[in-house]
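Subject: Structure handover

Hello,

Here is the structure I promised to pass on. Please open it alongside this email.

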Amino acid sequence: MIDNPNDAFAQYEAQARLRGRLAREVTPLNKAALFDMLQAAGIQCVTVHFDGAGDSGQIESIDATGPDETPTELPDGTIEIRTPLWDGSGVQTETMPVRDAIEKLAYDFLEEVHNGWENEDGAYGEFIFDVGERTIRLEYNERVMTTSYSEHEF
């Protein structure tokens, strides 16, 4: 047990740094495994639509296209995805269906660059997995509520 809150926060920060380092190491491996599977299935692009607000968020849909942007199904196979342990002490490997792996990576990437994307008015957007280029692009839109106050005395 940690008695000093400053020590607890320092430990948390150290674990977060380790987790971040491990995430940077496993991301290229996860992308390669996913892109290899998608390419073998003839898929050219995968688009992941997400939406969140009011402290909850979800993946709305995952759409795949093949040659000439023809809609197609994701492959039925499984792939191994590596995930840093919460405390940064190592990496966990899970075998999962391709659709689940895509969803997991999307959530992980959102957490990495827009932690809290689902809170308050939330955010929405899409990930575009370009299989030929082997890139993942995030198009992110954040909702912002505005209010206007006016006071008059007559």
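What follows is a short tour of the sheet, the core, the aromatic rings and one loop.

Please keep in mind that this is a predicted model.

**The sheet**

Start with the strands. Five of them form an open sheet, in the order E3-E2-E1-E6-E7. The pairing is antiparallel. The edges are strand E3 (71–72) and E7, each of which pairs on one side only.

At the E3 end, two bridges join E2 to E3. Thr65 stands opposite Pro71 in E3 there.

Further in, E1 and E6 pair over eight bridges, in the antiparallel sense. Look for Val48, which faces Phe127 in E6.

E6 also pairs with strand E7 (residues 135–142), again antiparallel and over eight bridges. In that pairing, Phe129 stands opposite Ile136 in E7. The hairpin of E6 and E7 has four residues between the strands. One of its residues, Arg134, takes a positive phi near 60°.

**Helix H2 and the core**

Next, helix H2 (98–113). H2 has 16 residues. From first C-alpha to last, H2 reaches 23 Å, close to the 22 Å expected at 1.5 Å a residue. Its buried residues are Val98, Ala101, Ile102, Lys104, Leu105, Ala106, Phe109 and Leu110.

Which residues have the most contacts inside the largest nonpolar core? They are Leu38, Val46, Val48 and Ile102, in a core of 26 residues. Six elements each supply at least two residues of this core: helix H1 (5–40), strand E1 (45–53), strand E2 (56–65), strand E4 (78–84), H2 and strand E6 (123–130). H2 gives the most, with seven residues. In soluble globular proteins, nonpolar side chains tend to be buried together.

Leaving aside neighbours within four places in sequence, Ile102 is in contact with Leu34, Val46, Val48, Ile62, Leu74 and Phe129.

**The aromatic rings**

Now the rings. The count comes to seven aromatic pairs. In one of them, the rings of Phe109 and Phe127 have their centres 6.3 Å apart. Their planes lie at 45°, so the pair is tilted. Phe109 is in helix H2 and Phe127 in strand E6, so to speak of this pair is to speak of a link between distant parts of the chain, 18 residues apart.

Are these two residues buried or exposed? Phe109 has 16% relative accessibility and counts as buried. Phe127 is buried too, with a relative accessible area of 2%. The cut-off for buried is under 20%.

One aromatic cluster is formed by Phe50, Tyr107, Phe109, Trp117, Phe127, Phe129 and Tyr140.

The charged end of Arg19 sits over the ring of Trp86, 3.9 Å from the ring centre.

**A loop residue**

Last, Glu73. Where is Glu73 placed? It lies in the loop between E3 and E4. Glu73 counts as exposed, at 65% relative accessibility. The C-alpha atoms of Glu73 and Asn6 are separated by 50 Å. Along the chain, Glu73 and Asn6 are 67 residues apart.

Best wishes

How values were computed. Residues numbered from 1 in each chain as written. Predicted model: local features only at pLDDT ≥ 70, side-chain atom pairs only at ≥ 80, totals over all residues. Heavy atoms only, no water. Core = buried A, V, L, I, M, F, W, Y, C linked by side-chain atoms within 4.5 Å. Buried < 20%, exposed > 50% of the residue type's maximum accessible area, 1.4 Å probe, protein only. Contact = heavy atoms within 4.5 Å. Phe/Tyr/Trp six-rings, centres within 6.5 Å; stacked < 30°, edge-to-face > 60°. Lys NZ or Arg CZ within 6 Å of the ring centre and 35° of its normal. Pairing = 2+ DSSP bridges. Expected span 1.5 Å × (residues − 1).
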